[in-house]
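Visitor: I'm new to reading structures, and I'd like to know what the words really stand for. Could you walk me through this one?

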Amino acid sequence: MKCEIGIRAHDLPIFDDLDELAKELKSYGFDNVQFSPKFSLKENTNDGQKMSYGLAHYAEERLKQRNIKTAILGCYVNIIHPDLQERDNAIKLFQNYLSFAKAMACPLVATETGSIDNIFKPHSENWTDTVFELTVSQIKKLTNTAEKLGMLVGIEPGINHPIYDVSTTKELLDKIASPNLKIIFDPTNLVLKPTDSEAAILKNGIEAFGNEIYAFHIKDFAFNKNGEKVIVPFGDGLAPMKEMAKIIKSFRPCSYVLMEETPQAHFDRSVARFKKLFY
């Protein structure tokens, strides 16, 4: 059975024009989006800070006219920011997003966990027990709010965050122990070096916490001459896309699968390859 395919709305360079955005999304054949007011409504919301219930409902209506659903409401914040005021602001903003997500007919608000240095490069300080426990306590604040509102919190693990592998993701879920906490699973995010197997990461994650996976993010990657992971057009990199598509399709019928960080170079070709594998 086909997957419910989609894309991050802001991977299309159309901002503060919902009608044009919806038209373009539909022209590519997408029915689902991850929508982030911070990017897609950058000017109208002051980088996502001033989203209103009315604007949320208006956005939902404009997308719905093209039969496009908001699968994920993206709230890009650093919940473990080194500045305590910024950290508190991040939690409050996410909680606010939880409160108006229903106006967009979206059950889940998602973020990555952030970085203790706010630089977002993989380093050992993020991977300490102390930072992990801080992360757990912050996410608990979000799930407490989500439980009261009947909403879901989505966390996306990554090697540049305290939730950096399958094991820490499972530990987070066990410690929070809330049915309102779900995972946005991008196996590429957990690849650190060329010898890491993206397919194995995908399989291990599904086995460890598959029931809590809300959606998959998919992107392609390579390593540059400095050994740094870089994102490349879909199908041009190292990701074993055919194997991953097979694994995801056999996981659950109609799983959400969204393209992420799609480079504009060869964008049309990337979308065509993605749809062929996952639709």
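Guide: Strand 3 (residues 69–74) and strand 4 run parallel and are joined by two bridges. Before we go on: this is a predicted model, where local features need pLDDT of at least 70 and side-chain atom pairs count only at pLDDT 80 or more, while totals for chains, interfaces and linings use all residues. Residues are numbered from 1 along each chain as its sequence is written, and side-chain values use heavy atoms, with hydrogens and water left out.

Visitor: What makes strand 3 and strand 4 a pair?

Guide: Two strands pair if DSSP finds at least two bridges between them. Strand 3 and strand 4 have two bridges, so they count as paired. The words "strand" and "helix" come from DSSP runs numbered from the N terminus: strands are E, at least two residues, and helices are H or I, at least four.

Visitor: Which strands make up the closed barrel?

Guide: The barrel has eight strands, in the order 1-2-3-4-5-6-7-10, with parallel pairing. From one strand to the next, the twist averages 30 degrees. One of the pairs is strand 6 (residues 181–185) with strand 7, which run parallel and share three bridges. There, F185 has F216 in strand 7 as its bridge partner.

Visitor: Why is strand 7 called largely enclosed?

Guide: Buried means under 20% relative accessible area, exposed means over 50%, and partly exposed is in between (1.4 Å probe, protein chains only). In strand 7 (residues 213–218), six of the six residues are buried, so the rest of the structure largely encloses it.

Visitor: How do you know whether T113 is buried or exposed?

Guide: T113 has a relative accessible area of 0%, so it counts as buried. You'll find T113 in the loop between strand 4 (108–112) and helix 5 (129–149). Leaving out residues up to four places away in sequence, T113 touches N78, I79, I80, T135, I139, I155, E156, H161, P162 and I163; contact means heavy atoms within 4.5 Å. T113 and P162 are 49 residues apart along the chain, with 7.0 Å between their C-alpha atoms.

Visitor: And what is K276 called, buried or exposed?

Guide: K276 has 74% relative accessibility, so it is exposed. K276 sits in helix 9 (residues 267–278). Helix 9 lies across strand 1 (4–8), strand 7 and strand 10, and runs at about 165 degrees to strand 10.

Visitor: What about C254 and H266?

Guide: C254 has a relative accessibility of 34%, so it is partly exposed, and H266, at 47%, is partly exposed too. C254 lies in the loop between helix 8 (241–251) and strand 10 (256–259), while H266 is in the loop between strand 10 and helix 9. C254 is not a glycine, yet it has a positive phi of about 60 degrees. H266 also has a positive phi, near 60 degrees, and is a residue other than glycine.

Visitor: What makes a group of residues a nonpolar core?

Guide: The name is for a set of buried Ala, Val, Leu, Ile, Met, Phe, Trp, Tyr and Cys residues joined through side-chain atoms within 4.5 Å. The largest core here has 84 residues, and F35 and F278 have the most contacts inside it. Apart from it lies another core of nine residues, including L108, L152, I184 and Y214.

Visitor: How do you describe the way helix 1 and helix 3 meet?

Guide: Two packed helices are described by the angle between their axes and the distance between the axes. Axes are lines fitted to C-alpha atoms, for helices over the stretch in contact, and angles run from 0 to 180 degrees between N-to-C directions. For helix 1 (residues 18–27) and helix 3 (residues 53–64), the axes come within 9 Å and cross at roughly 35 degrees. In that contact, L18, D19, A22 and L25 of helix 1 meet Y58, A59, R62 and L63 of helix 3.
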